[in-house]
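Biologist: I would like to learn how to read a model like this one. Can we take it feature by feature?

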Amino acid sequence: MLEASNLECVRGEKSLFRGVSFRLEAGTCLMVQGANGSGKTSLLRMLCGLSQPAAGEVRWNGAPIGKLAEDYRGELLYCGHAGAVKDELTALENARISATLAGAPVDEESARTALRQLGLKGREDLPARVLSAGQKRRVALTRLLLEKRKLWVLDEPLTALDRAAVTNLCGVIDAHLAGGGMVILTSHQELPLTGRVEHLRLD
Amino acid sequence: MAETSILSTLGAVIRRDLLLALRRKSDVLTTLFFFVIVVSLFPLGIGPEMAMLRQIAPGVLWVAALLATMLSLPRLFAADHADGTLEQMALSAVPLGVLVTGKIVAHWLLSGLPLALLAPVLGLQFDLPADALGVMVLALLIGTPVLSLIGAVGAGLTLGVRGGGVLVSLLVLPLYVPVLIFGAGAVESHIGGLGATAHLSLLAAFLALAAFFGPWATTVALRIALE
Amino acid sequence: MNWNSASEFFAMGGHALYVWGSFGACAALMIIEPILARKRRSKALTELKREIAARKDYETET
Amino acid sequence: MSNRLVNWFKFASPQTFYPLAGKLIPWFWALTAAFGLAGLYIGFFVAPTDAQQGEGYRIIFIHVPASWMSMFIYLVMAFWAALGLGFNTRLSGMMASALAPTGALMAFLSLWTGALWGKPMWGTWWVWDARLTSELILFFLYLGFIALQSAIDDPRRADKAGAVLALVGVVNIPIIYFSVKWWNTLHQGASVSLTKSPSMAQTMLWGMLLMALAFWMYSIAVSLTRVRAIILERERHAGWVEELGEIRS
């Protein structure tokens, strides 16, 4: 269970948001909405522990995430604006190396399966340089399938994805929720999810 | 996290950085070429008198090695920072220190090690005797990892900062002074007949100290840079 | 007392340039530095006042 | 609850410190003047002419205190830096950035007076003497710290990055000092040293001590002035700043 209490975010001299509190139970998806510059990305980075809130606290199963450190990071998967996809590496290498860096190495077969599942069949061995933006994003999203993490934090996961890929991704998220996982995501469009979805507006 | 998995992750990070360098060879080659050209410029500036060149050779090679390492530092984390890999590393279940250590080792394999291997060839330009060349290589092999370790802290601190490339040299070069003194001193005192053991063991002590503090300080610096 | 006359004092036994060069630079810098620090503070103060005044104007208008 | 306490602590520190510093500054200036005048009197009128170095040695009355302060200030800076990094207190970072320019000034003065002393004694403006060389590197470390902090826009990040640099520097300074010393003896450099004059008279020591105290008080006074400026720059959106007497008048 992830719990945020009274989070405040200060950027430069401006307070982006304050008093943000929520509680996320297993099997739930939290949609974070708000205008550009309302601090959606800042909130997600805070929830991951990448940046410190100016006030307030984030707790995972009751313990502050700063104390849990690697124990929390082992439950967490963050997918930011930048997909961490290297142009010099092939799709397959990218997928496997990301998983290794995250501390969850996978064998080649499961990496290929994951890439195929996200519709990259036949492109596994192409360098990411030649892939389109949407395909690169899908390479980045294979981490969802490869790293077995409880909490997914996704920043604009739909960017550059086509309709089929969106449906595909929603299926993946629904399966994760059905398995007791948690998802926090920001998106400008509604996701056709079947699981339980809660909303949080930042203004 | 089990020890074996930490070691295998460390190996994987090193392999990854080497693979990336292999796919983009120009970065590594530029550093080496810079080293060669700086060293070769000195005789042109000072004159071809062999006695003089022999005397300045250790210092010249070491200063050039320092500068070449500096040149490669801004790239150490910049690419990973730009494409988001660094964030992933900071959020990994593997401690960031382990991943950073891997990156530093890879940096040394791609900058310090080739410099050390290239040094004897350049030493010949300066008419250094063969045994002095051996000491030179040994000193570079022990000293250049220290340069990578200290440099990584500077690279982490200046990550994403305006004018970071120039700034990193201002921060890091003063800290390189001991390595320069004992690295060049090892060769000089060997030529002078005093033996290089004392110098080399002090260099090794610096290496131990830097290996202990370097990755930790780099980790702190990177977490600050990511905030 | 070391000096018999003022001119002897200023001559510093032939080392006038070095002694007064040192003490002069020291005195100059130690006068300039506090002035700069004070200026920095008064600049911060005036900016603050201007900012607050602007905010009050804005509040009275709306 | 604990959160609120931490916040109160964090925000209150600059708030309580600002007026306190304002009250203390004149006292430190008075002490600077008192110690300085006494030190100068001893330095110029009581301390006798040195048999070897003539009147030129009187430079030590500022050279040595400046060197001491330059090193001491780096230590203090690293202390504040560590405190800021460890406890995330806002004032510590401000103190560290307020101290850096004064430390750099001291290092510069030490180099400048060292050069002016070297010319009549050694016949050259600069010798690669161990102390002077280490002082030069210390000066570079200060410049690096100031450059790093001014290159980072976000003050919180600037504080933390500066703190890491100061701590790395403080671990390195002894190493640098001893390497330079070793290097110096190996190359048989200048063996004469400013502070190693054979007959360091008691009066000279007293003069130096008083001047060192004056430099110390000066450093405190000027860095307190600067930290007040930094507090105002950083805290301008905090409510308490608007309540200050200086603002309302």
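Biologist: Which pattern does chain B follow, read along the sequence?

Modeller: Some ground rules come before that. This is a predicted model: local features need pLDDT of at least 70, side-chain atom pairs count only at pLDDT 80 or more, and totals for chains, interfaces and linings use all residues. Residues are numbered from 1 along each chain as its sequence is written, while chains are lettered from A and ligands numbered from 1 in the order in which they are written. Helices (H or I, at least four residues) and strands (E, at least two) are DSSP runs, numbered from the N terminus. Chain B reads α-α-α-α-α-α-α-α-α-α-α. That comes to eleven helices and zero strands.

Biologist: What radius of gyration does chain B have, and what would a compact globule have?

Modeller: The radius is taken over C-alpha atoms, and the globule rule is 2.2 Å times the number of residues to the power 0.38. For 227 residues the rule gives near 17 Å; chain B has 18 Å, which agrees. Its C-alpha atoms fill a box of roughly 55 × 35 × 30 Å along the principal axes.

Biologist: How many residues of chain D are in contact with chain C?

Modeller: Contact means C-beta atoms, placed from the backbone, within 7 Å. Here 31 residues of chain D meet 27 of chain C.

Biologist: Which element of chain D gives the most to that side?

Modeller: Helix 3 of chain D, with nine residues. Helix 3 spans 90–122.

Technical notes
Two residues are in contact if their C-beta atoms, placed from the backbone, lie within 7 Å.
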